[in-house]
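Okay, thanks everyone. Let me put the structure up, and then I'll talk you through a few spots.

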Amino acid sequence: ITQLSGAGPRNWGILTGSRSNLLVIDEDELGAFADVCQAMGIGVPDTLRVGTGRDGGGQHWWFRPPADAAITIGTGLGDRKLDWRCEGGMVIAPGSVHQTGAVYTVADSGGVIRPLPDRLVAALVSEPVRQAKRRKELKARAKELGVVGGAAMGDPSYLVGGRDNQV
């Protein structure tokens with residue numbers, strides 16, 4: 001790790017799911033997660049948040065998933081642009097560089113990663129058919145675009161500041 005980090009800017013990925021006991025909700029539009037929580041009748045959880053550097057804001061909300069819930073990856077929580085990563089996913093780690101040039105930075109909570117609230121668990125578990133359909137659509141689109149390993153060949157964002165699966 002020391003050799004890699006000394007060789008210039010690098011992005012780091014953390015596997016989500018059972019290997020890390022981590023589930024991340026990706027909020028691309030500030031306030032979207034609070035809106036979804038309010039619609040579900042729950043308060044916004046006080047858990048570790050990481051600012052992503054996305055133009056207009058963006059945050060990753062880090063949670064501990066329940067061991068017995070089958071939560072994978074998905075998009076579109078409620079009617080807002082919220083994605084989530086759990087089993088089979090990954091998240092960009094703090095200290096990495098977003099494609100805008102901003103650094104992923106821990107926002108607050110004192111570093112405490114809280115359990116995912118039950119109502120959010122229920123919402124994420126109830127999406128398996130939708131999640132599978134979306135993954136199939138994304139794979140087809142990636143093949144159409146000639147995407148290899150998460151980034152198009154020759155895409156400079158593959159090295160620094162790439163998206164979630166471009167570490």
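Predicted model: local features only at pLDDT ≥ 70, side-chain atom pairs only at ≥ 80, totals over all residues.

In helix 3, the buried ones are Leu120, Val121, Ala123 and Leu124. If you look down the axis of helix 3, those buried residues fall within an arc of 165°, so they line one face of the helix.

Now for the core. The largest nonpolar core has 19 residues, and the ones touching the most other members are Leu23, Ile25, Phe33, Ile71, Leu77 and Leu116. Helix 3 gives two or more residues to this core, and so do strand 2 (23-27), helix 2 (32-40), strand 4 (59-64) and strand 6 (82-85). There's another core apart from that one, with 10 residues, including Leu22, Trp62, Val91 and Ile113.

Okay, on to the loops. Gly57 sits between strand 3 (49-51) and strand 4. Its C-alpha atom is 8.7 Å from that of Glu27, and those two are 30 residues apart along the chain. Not counting residues up to four places away in sequence, Gly57 touches Asp28 and Leu30.

Last stop is Asn21, in the loop between strand 1 (13-15) and strand 2. Asn21 has a phi near 55°, a positive value in a non-glycine residue. Asn21 is also partly exposed, at 36% relative accessible area.

Notes: Residues numbered from 1 in each chain as written. Heavy atoms only, no water. Buried < 20%, exposed > 50% of the residue type's maximum accessible area, 1.4 Å probe, protein only. Helix = DSSP H or I, 4+ residues; strand = E, 2+ residues; numbered from the N terminus. Arc of directions from axis to C-beta. Core = buried A, V, L, I, M, F, W, Y, C linked by side-chain atoms within 4.5 Å. Contact = heavy atoms within 4.5 Å.
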